[in-house]
Amino acid sequence: MNNMNYQEFKSAVIKYAAENNIKDYELYYSKSEETSVEIFMTEVKGFNSANNMGICFRCNVDGQTGYASTENMTEEEAASIVVRAIENAKSLESDSPSFIHTLGDTYATLEKEDVTSPAASELVDFALDLQKEIYAQDERVIDGTQSIAGCGTSERAIYNSNGIDLVDNSAVEYCYGYAIVSDGKEMYPGMKIASGKMKDFEKADIAKEAVKDATDFIGYTSVPSGEYTVVFSNKVMCSLLGCYSSIFSAEAAQKGLSLLKDKVGEKVAADIITLTDDPLYKDALEKATFDDEGAATYTKNVIENGTFTTFLHNLATAVKAGVKTTGNGYKASYAAPVGVNHYSFYINPVKGSLEDLFEEAGNGIYLTSVEGLHAGANPITGDFSLSSSGFKIENGKKAGPIKGITVSGNFVQLLKDISSVGEDLKFNPGALSAHRCGSPSVLVKGITIAGE
């Protein structure tokens, strides 16, 4: 059994689909490779290398849909995957229609990017140097500090019986600096993440920011419980938007799981809020010209000047709603069913520095971190109650650190109550994929804080 490449396997599947008189089908292929190295103290603690590849064949037979998947690209498997999908379609009954996309879309063209990755030795050298830089920043840095460097490439392809034949490639390089600082009484963690191309990473700057993230909280206090004017940092807003992004999915709405159900065309946020889904965002680590059903992607405002303009759709949800797909069909893995997801999903920046927001707040709280999103935030109701930390705002200036507080509210109401949006748009650096969230810092009045 000789292994084939994707193009050879695709040709074999096309042949066996024709022999079995299957006229409505799709072949989905994905492949990824990732390498990372982890440094603890002054030595390599871990080295990981992972390769994943899979293919899914989907076909419609007598009004029913069958699936079959494989990780082996051989002639025998090309025949088997077609037969298994046919048998699956005949044995299963479903009320959910499955759609194979048709030709007619206009696809964006991207500049060719370098998809080569650093050698393993380069990752090791970079991570070791970063670790040294972190220890050199402050004598209070202690063991427990770690540095990670990694890289990955991915390929995605779709072919279907309607003539769609698409391939996409991407690559990413990244590093994490985790600093642990001690004042002799307590330990303080700090982190800085960089992504893009390793040749552009400044190790000294990454180390400095990781250590500063930790030392800024030495000597922290709390605040009395009450309602405060709060500046949510871009990092915190990224986290909240990511947690509640499912409310913008047509799939969630059609299942009754979105607070925005039946709200298209209505005001759902402050006039200052425009929320964009951009598969081609200029600084995105991964760009997508087509979704996981082969539909063309495009940039769209989901909220525009406070008005909810559209849900995110795949082919099935679009047909059910009587609209066109927005090109947001998504498969969590090659063998997964098609769902809905965003791309670079962000609140648009407006005008004003972070210092301008502090000045507008006068006295309040600057939230820089929230924890417990998995347990303290409910995407169905929109409610959240999250352990938080940040800084006091006194007389329009950033003041001392605070920890041990809890911020509570409702995400949809929060969008309505935002009174100012800054210009410091930032994306969640931990989301090393096309599906990430971004936001500037925002100011909101009347936020409930539980403290002392």
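Q: What should I know about the model before reading its features?
A: The model is predicted, so to speak of local features requires pLDDT of at least 70 and side-chain atom pairs count only at pLDDT 80 or more, while totals for chains, interfaces and linings use all residues. Residues are numbered from 1 along each chain as its sequence is written, and side-chain values use heavy atoms, with hydrogens and water left out.

Q: How many aromatic pairs does the structure hold?
A: A pair of aromatic rings is described by the distance of the centres and the angle of the planes. Rings of Phe, Tyr and Trp (its six-membered ring) pair if their centres lie within 6.5 Å, and planes under 30 degrees apart count as stacked, over 60 as edge-to-face and the rest as tilted. The structure holds 17 aromatic pairs; in one of them, the ring centres of Tyr-25 and Phe-57 are 5.5 Å apart with planes at 35 degrees, so this pair is tilted.

Q: Which strands pair with strand 20?
A: Strands are DSSP runs (E, at least two residues), numbered from the N terminus, and two strands pair if DSSP finds at least two bridges between them. Strand 20 (residues 442–450) pairs antiparallel with strand 7 (residues 226–232) over 6 bridges, and Glu-227 has Thr-448 as its bridge partner. Strand 16 (residues 397–410) also pairs with strand 20 in the antiparallel sense, over 3 bridges, with Thr-406 opposite Ala-450.

Q: In what order do the strands of the open sheet run?
A: The 6 strands follow the order 10-9-8-13-19-18 with mixed pairing, and the edge strands, strand 10 (307–308) and strand 18 (426–427), each pair on one side only.

Key
Helix = DSSP H or I, 4+ residues; strand = E, 2+ residues; numbered from the N terminus.
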